[in-house]
Amino acid sequence: MHLNLNLIAAACENMGIGINGTLPWKLKNEMAFFTSMTTKTKDANKKNVVLMGRRTWECIPSKYRPLRNRINMVLTSQSLDYGNQAIVCKSIPHALEIISQGPLKDKVENIWVIGGSSVYKAAMESPNFHRLYLTRIKQYFECDTFFPTIPNNFTKMQDLDIPQGVQEEDGIQFVYEVYEKK
């Protein structure tokens, strides 16, 4: 079974994705898009994995952890145990191994990489990279965490399942883009 990694992120004009452990903007529709993309499956008997680094996990407000109706996986080199909230793995290949063997094997439909920077970078370099869903926020926000450089061999493509054109919320414009490897 070939496991595809889909990345989903929102970045502002300077490619910032976070500040002080939180999102620099509050966009309900964009957050709803994230939830819908990472939750919905074609097969009702399957769930999606949300794969994230430890700091991303820790930045999710505890009332939202684990992310509901998804299999939460946390990448960390530390020997942590999140009980039944999240599965701990040491690397992307390790996460793929856990998903493809063992009890998750027939339960996972999609794998969504949700951050942070180093996890996005590793996923874009992975042979399992499939698509990057990037919300470009057409405004500058002060950030201390940034989305890694998008490789030159990535090309923008059309996905008619996502909203087209410029979206606007609370005076902030944003656009959904999808990239694939050439």
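Good morning, colleagues. Please keep in mind throughout that the structure before you is a predicted model.

Let me begin with the overall architecture. The protein is built from four helices and 11 strands. Its radius of gyration is 16 Å, close to the 16 Å that the globule rule gives for 182 residues, so the protein is as compact as a globular protein of that length. Along the principal axes, the C-alpha atoms occupy a box of roughly 45 × 35 × 30 Å.

How much of the chain is buried? Of the 182 residues, 46% count as buried. The accessible surface amounts to about 10000 Å², and carbon and sulfur atoms account for 49% of that area. As to charge, there are 22 positive and 18 negative side chains, and the centres of these two sets lie 4 Å apart. Contacts across the sequence also deserve a remark: among those between residues at least 6 apart in sequence, 69% join residues that are at least 24 apart.

I turn now to strand β7, which covers residues 129-137. Seven of its nine residues are buried, so β7 is largely enclosed by the rest of the structure. Which strands pair with β7? One of them is β1, residues 5-11, which runs parallel to β7 and is joined to it by seven bridges. In this pairing, L5 stands opposite F129 of β7. Another is β11, residues 172-181, which pairs with β7 in the antiparallel sense, over seven bridges. Here I137 has F174 of β11 as its bridge partner.

Is T135 buried or exposed? Its relative accessible area is 0%, under the 20% limit, and therefore T135 counts as buried. Which residues does T135 touch, leaving aside those up to four places away in sequence? The list consists of A9, A10, A11, E30, F33, F174, V175 and Y176. For A9, the separation from T135 is 126 residues in sequence, yet 6.2 Å in space, C-alpha to C-alpha.

Let me now move to the backbone.

R65 and P66 are joined by a cis bond with omega of about -10 degrees, and P66 lies in the loop between α2, residues 54-59, and β4, residues 71-75. G115 and G116 are likewise joined by a cis bond, with omega of about -5 degrees. Where is G116 found? It lies in the loop between β6, residues 108-113, and α4, residues 117-125.

The other two places concern phi. N69, in the loop between α2 and β4, has a positive phi, near 60 degrees, although it is not glycine. D170 also has a positive phi without being glycine, in this case near 50 degrees. D170 is located in the loop between β10, residues 166-169, and β11. Its relative accessibility is 68%, over the 50% limit, so D170 counts as exposed.

Thank you for your attention.

Conventions
Residues are numbered from 1 along each chain as its sequence is written. This is a predicted model: local features need pLDDT of at least 70, side-chain atom pairs count only at pLDDT 80 or more; totals for chains, interfaces and linings use all residues. Side-chain values use heavy atoms; hydrogens and water are left out. The radius of gyration is taken over C-alpha atoms; the globule rule is 2.2 Å times the number of residues to the power 0.38. Buried means under 20% relative accessible area, exposed over 50%, partly exposed in between (1.4 Å probe, protein chains only). Contact means heavy atoms within 4.5 Å. Accessible areas come from the Shrake-Rupley method with a 1.4 Å probe; for residues, only the protein chains shown count as cover. Lys and Arg count as positive and Asp and Glu as negative; His and the chain ends are not counted. The place of a charge is taken as NZ of Lys, CZ of Arg, CG of Asp or CD of Glu. Two strands pair if DSSP finds at least two bridges between them.
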